[in-house]
Each structure stands twice: as structure tokens, then as C-alpha cells.
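Please look over the sequence and the 3D structure shown below before reading on.

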Amino acid sequence: MSDWGFPDFDEHEGVHLFSDAASGLRAIVAVHSTALGPAAGGARFWHYADERDAITDALRLSRGMSFKNAMAGLPMGGGKGVILADADRTKTPAMLAAFGRAIESLGGRYVTAEDVGMSDDDMVTIGRETTHVSGLPVASGAAGGDPGPYTALGVYLGIRAAAKRALGTDEMRGVRVAVQGVGSVGGGTARLLAADGAELVLADVDAGRAAALAAALGAKTISTDAILSAEVDIVSPNALGAILTEQSIAALRCKAVAGGANNQLARPEDGRRLHERGILYTPDYVINAGGIINVGLEYLGQGDEAEVKARIARIPDRLVEVWNESDRTGEPASAVADAIARRLIGR
């Protein structure tokens, strides 16, 4: 089958390009699979130097959402929205409304929520034009709302599982963790780790944000260029993807990689490079599923906050399943997770 000139095209069911001259909206919605249910995945608001990069991002992220939702046991497929921002990141209510109408035109095949550059207030604006949206503000104790804290909780639990597997410890006190990106997910993860006594090194493109969080947590800071090669026990990527390359993997000085960023591997073969170096890898779409569990259950109307947290608590068990199969077969954890997910969605 043709990849249409995009190597990351993976038998996607649809790739939709939208534009609205009145609002300036230019957006992509990629639907990877609806085999298990409507294609769920957040909308990203980002400036891309090249439009092809935006399409590639949508393709990779939507496939990751198929795998993530399958591994999380959600009756939902995988999709992703990308809104192409200008260099000034101009975002208007009219643009968001147009995006809502675009989603509505897909007839429920795609369900959106927050991602990078979007907020729950943005979801409210989009939700005036479509019912196929989640991550809306909710009452205390209900499923839904900002997915960031729930993603952070899952990442934190996954890091603890990685420490047990790679370091042989049930305690995080004294475990050295380098956190790349301290926004909603990375910052939330860092706070949970700090409460356990972990020794943190933080980096962010916003150096002031990293410094402020480090001061609050008693952590150290490091440059974004140096964070992946820091001499630590665990590296936790929580910014944008494609940061684990042949070069960066060769420079790693850690025993495990466990973080919330999507699509951390630049190419599939980079998972094998980690494996051959003996570095434990937590597949990103397994460890970072907390947010989609939250907004997925909100959209489906299944359970409350307690149910969300109970499902997030199972993330370490899924990671152990992947690691055990990797040990049995000798295949990288990344390839094992992909194989399990593909079996679940029938591909």
C-alpha cells in the first residue's frame, strides 16, 4: 500500500485537511483506527516550519493514540488533531469555533481534547460547535477536566515501576531523575517525585519556569542541551517527541528512560538501540495514558475520578507485561508494546 509520500502513514483510515478563511484556521485531523471505537486524541496547537512536518506529526500521534487507547483498555480508537499556528501563536475564539465545526463534520469518528498549546477553556469554545469533545471543566470528583495531572500521575507510577525494574528499589528516595520539560505533565511528575525524596535535575525551554520549580522542590537545573546526557538513574522526557535518536541514545548515561512525551523514539530502530545498550524503556503510550483514561471515561460517561485513578494505577502492570515479554523474546520493549497494541486493534 502506498504511503502517499509520508513514511509514517500506517493504513490510516483518514487524514482530513481543514481550512477556514474567515478565522484563519488551518488544521489536520488524522484518524488512524476506529476498530475499537471513535478515534480519540487531543488537539495540538503548534507552529510548524513546514506543513509536511504537521502532517507527519498528526500521523505519528494518531497511531500512538490507537496504541495508547488499546493498551489502556478503552473502547476507543486513535486520532489526533493539529491546528497550525502562525509564528506568533495567534489563537482566536473564531478559529477554535471553526475547528469545532470541522470535528462535527466528521460525524463522531474523531473525539478531541487538550494537547500541547490547548486548554480546557479552549475545549469549552470548541464544545459550542460539537459534542465530540472531552476535557471540559467538571465538578469535583467527576471524570474529566484538565488531563495533565492525570497524565503526570501515570508517568510518576511508571517511573516508580522503572526504578523497581532497573534499579531494584521500591523507594524513590535518592533516585536521580532528569526531567526534560516541566509543563503540566513534567512539572506534575516532578512534584510527585520530589515528595518521595527523589533527587531531581530539571530542564525546560523556559529556563525561568525550570528555575522556579527547582527552587520550590529543592532540585537542580541543567540546560536543555545537556539534560538527556545527564548522569542520572532515570531520564524522563516530558516535552516534544522524536528526542531519542541514534546520537542522543549514544550519549545517555542512565539505566532507564521513562517519561510522558509522545513519540519519544525518532525512528522505530531507536527502540532497539536502547535495548542493545541495556537501557530500560517505558513505551511512551503506555506510561502516559493517564490523561486519555480521564477524558475518555468523561466522554463515555463511565465512572468517576476514583475509577480514573484506579485505572491509572494499572499502568505499572501493563509495563511489567511488556518488559516480561521483552525478556522472554529478546525483542525491544518498544517493539513488544507495538505488537501487543496491534493485536488488540486487529492489525
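## Buried and partly exposed residues

D8 lies in the segment before β1 (14-20), where helices (H or I, at least four residues) and strands (E, at least two) are DSSP runs, numbered from the N terminus. This is a predicted model, in which local features need pLDDT of at least 70 and side-chain atom pairs count only at pLDDT 80 or more, while totals for chains, interfaces and linings use all residues. Residues are numbered from 1 along each chain as its sequence is written, and side-chain values use heavy atoms, with hydrogens and water left out.

With a relative accessible area of 7%, D8 is buried, a word that stands for under 20% relative accessible area, whereas exposed means over 50% and partly exposed lies in between (1.4 Å probe, protein chains only). Once its neighbours within four places in sequence are left aside, D8 is in contact with T56, L59, R60, R63 and R267, contact being heavy atoms within 4.5 Å.

A261 is found in the loop between β11 (256-257) and α8 (269-276), and A261 is buried as well, with a relative accessible area of 2%. Its contacts, again leaving aside neighbours within four places in sequence, are P237, N238, A239, L240, D284 and N288. The C-alpha atoms of A261 and D20 are separated by 30 Å, and these two residues are 241 residues apart along the chain.

Most residues other than glycine have a negative phi. R89, in the loop between β5 (77-84) and α2 (93-105), has a positive phi near 55°, and A242, in the loop between β10 (234-237) and α7 (246-251), has a positive phi of about 55° although it is not a glycine. R89 counts as partly exposed at 39% relative accessibility, and A242 counts as partly exposed at 36%.

| Residue | Relative accessible area | Class |
|---|---|---|
| D8 | 7% | buried |
| A261 | 2% | buried |
| R89 | 39% | partly exposed |
| A242 | 36% | partly exposed |

## Rings and charges

Rings of Phe, Tyr and Trp (its six-membered ring) pair if their centres lie within 6.5 Å, and planes under 30 degrees apart count as stacked, over 60 as edge-to-face and the rest as tilted. By this rule the count comes to 1 aromatic pair. The ring centres of F67 and Y285 are 5.5 Å apart and their planes stand at 65°, so the pair is edge-to-face. It links distant parts of the chain, since F67 belongs to helix α1 (residues 51-71) and Y285 to helix α9 (residues 284-287), 218 residues apart. F67 is buried, with a relative accessible area of 3%, and Y285 also counts as buried, at 7% relative accessibility.

A charge sits over a ring if NZ of Lys or CZ of Arg is within 6 Å of the ring centre and within 35 degrees of the ring normal. The charged end of R52 sits over the ring of F6, 4.2 Å from its centre, and K91 lies over the face of F45, at 5.2 Å from the ring centre.

## The nonpolar core

A nonpolar core is a set of buried Ala, Val, Leu, Ile, Met, Phe, Trp, Tyr and Cys residues joined through side-chain atoms within 4.5 Å. The largest one has 57 residues, among which L200 and L202 touch the most other members. Helix α4 (residues 148-167) provides the largest share of this core, 7 residues. A second, separate core of 22 residues includes F18, A43, L106 and I126.

On a 1 Å grid over the protein atoms alone, a cavity is a set of points where a 1.4 Å probe fits but cannot get out, and a pocket is an open set with protein on both sides within 12 Å along at least five of seven lines; lining residues have an atom within 4 Å of a point. Grid points are joined across faces, edges and corners, and a volume is the space filled by probe spheres set on the points.

The largest pocket holds about 1,100 Å³ of space, and of the 45 residues that line it, D115, V116, V185, N238 and A239 are the closest to its centre. The largest cavity has a volume of about 50 Å³ and is lined by L61, G64, M65, K68, N262, N263, D284 and Y285. Helix α1 gives the most to this lining, with 4 residues.
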